[in-house]
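Dear colleague,

Please find below the sequence and the structure that I am handing over to you. My findings follow directly after them.

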Amino acid sequence: MKANGSLLEVRGLKTYFGSPARPVRAVDGISLDIADGTTVALVGESGCGKSVASLSLARLVPEPPGFYAGGSILFRGRDVLRMTERELADMRGREISYVFQEPGSSLNPVFRIGYQIGEAVRLHRRGVNVKDEVLRLMNMVGLPEPERRMRAYPHELSGGMQQRAMIAMALACRPRLLVADEPTTALDVTIQAQILELLAALQAELGMAVLLITHNLGLVADRAHFVNVMYAGRIVERGPTADVLGRPAHPYAQGLLAAVPRLAGAAERMTGIPGGVPHPARLPEGCKFAPRCPRAQDRCRAVEPELAEAGRGRMARCWFPW
């Protein structure tokens, strides 16, 4: 996705673990763009490298055991991989902020909710009345009885309220980019819809860009302008959401879409993708999806395809798309 006013440009990013001699290739040469005010989705199964890719954007992967083996991450024209620790500290939370999955595990159990939301305000927005700002943020994300909730500990809140508190923390410094990593995991369907509606409303109000990380193509249909489908550390298909979901080119994207439950139309058995994502230390030769692909041929097993034009503004990493 190339757009005017590009906020984030990732080119050939490689995030590995272990030693350079025998690396575990968690993220292996991905490229993506996010423009101001847009929503971009990064989709794939657990283990495909989505979370490592998202953490890499603010250089949050610990070094060691991880290391950045190549590529660039340009955020507002500055290369994140070349920033000093001071520059990174100024950027994290203030310009790039995160909402992580399973808020019950992300929130600190020994600090009150108000203190945790106010931490970023104290760090990055000196001179602001912290209590007033925390109450404003809690009202913004729809936390009921904010005066009482700010004195509560995480275990005293429901899962939906915990996630709203996480969103308030992420928005405390009005970031330019919000990374939402599986923001509805472990929440029931009704609360999932509420959280997604909340993120959309706050994005419209604040004008921020959103990177939505998920394993479910169904969640991004009405939320994302652009979709990147990730498998085994690589982008295997990318394009405008309507085109990718309307007629995916890569067999893996087709498999993900076929696994989405449908409420309308005739009852059909959902079809899954056989097997699992390969371990990044034991990747097969050729196309990494070939062992699970119903259309794989000898060429697929021998030579890995490049990401190439596949029509209608999208790209696919497949010898035989469609």
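K288 is buried, with a relative accessible area of 11%, in this predicted model. This lysine forms a salt bridge with E304, and the closest N and O atoms of K288 and E304 are 3.9 Å apart. The pair links distant parts of the chain: K288 belongs to the loop between α11 (251-258) and α12 (298-302), whereas E304 belongs to the loop between α12 and β11 (308-309), 16 residues apart. E304 itself is partly exposed, at a relative accessible area of 26%. Salt bridges that share partners also join E9, R11, D33 and R238 into one network.

In total, the whole structure contains 22 salt bridges. Side chains of opposite charge can pair when their charged atoms come close. Two further pairs deserve a description. The side chains of R136 and E133 meet in a salt bridge with an N to O distance of 2.7 Å. Because R136 and E133 are three residues apart in helix α5 (residues 130-140), about one helical turn separates them. An α-helix has 3.6 residues a turn, so residues three or four places apart point the same way. R136 is partly exposed, with a relative accessible area of 33%, while E133 counts as buried at 7% relative accessibility. The other pair consists of R82 and D79, whose side chains form a salt bridge at 3.7 Å, N to O. Here R82 is exposed, with a relative accessible area of 70%, and D79 is buried, with a relative accessible area of 18%.

I turn next to the helix α8. Helix α8 (residues 189-206) has 18 residues, and from its first C-alpha to its last it reaches 26 Å, close to the 26 Å expected at 1.5 Å a residue. Which residues of α8 are buried? They are Q192, I195, L196, L198, L199, L202 and Q203. Seen down the axis of α8, these buried residues fall within an arc of 155°, so they line one face of the helix. V189, T190, A204 and E205 are exposed on the other side of α8. The elements that cover the buried residues of α8 include β3 (39-43), α5, α7 (159-170), β7 (177-181), β8 (209-214) and α9 (217-220). Just after α8, G207 takes a positive phi of about 75°.

As regards nonpolar packing, the largest nonpolar core has 59 residues, and I167, L217 and V220 have the most contacts inside it. Helix α7 gives the most to this core, with six residues. Leaving aside neighbours within four places in sequence, V220 is in contact with A41, V43, L212, T214, V227, T241 and L245. A second, separate core of 34 residues includes A26, Y68, L88 and I96. In soluble globular proteins, nonpolar side chains tend to be buried together.

The model also contains an open sheet of four strands, in the order β2-β1-β4-β5, with antiparallel pairing. β2 (23-35) and β5 (78-79) stand at the edges and have a single partner strand each, so one side of each is left without a neighbour in the sheet. Strand β1 (residues 6-18) pairs with β4 in the antiparallel sense over eight bridges. The bridge partner of L8 in β4 is F75.

A cis peptide bond joins E63 and P64, with omega of about -15°, and another cis peptide bond joins P64 and P65, with omega of about 10°. R59 has a positive phi of about 50° although it is not a glycine. Is R59 buried or exposed? R59 is buried, with a relative accessible area of 14%. Apart from neighbours within four places in sequence, the contacts of R59 are Y68, V80, L81, R82, M83, E85, L88 and R92.

E182, in the loop between β7 and α8, likewise takes a positive phi of about 50° although it is not a glycine. E182 is buried, with a relative accessible area of 7%.

Yours sincerely

Technical notes:
Residues are numbered from 1 along each chain as its sequence is written. This is a predicted model: local features need pLDDT of at least 70, side-chain atom pairs count only at pLDDT 80 or more; totals for chains, interfaces and linings use all residues. Side-chain values use heavy atoms; hydrogens and water are left out. Buried means under 20% relative accessible area, exposed over 50%, partly exposed in between (1.4 Å probe, protein chains only). Contact means heavy atoms within 4.5 Å. A salt bridge is a side-chain nitrogen of Lys or Arg within 4 Å of a carboxyl oxygen of Asp or Glu. Helices (H or I, at least four residues) and strands (E, at least two) are DSSP runs, numbered from the N terminus. The expected span of a helix is 1.5 Å times one less than its number of residues. The arc is that of the directions from the helix axis to the C-beta atoms. Two strands pair if DSSP finds at least two bridges between them. A nonpolar core is a set of buried Ala, Val, Leu, Ile, Met, Phe, Trp, Tyr and Cys residues joined through side-chain atoms within 4.5 Å.
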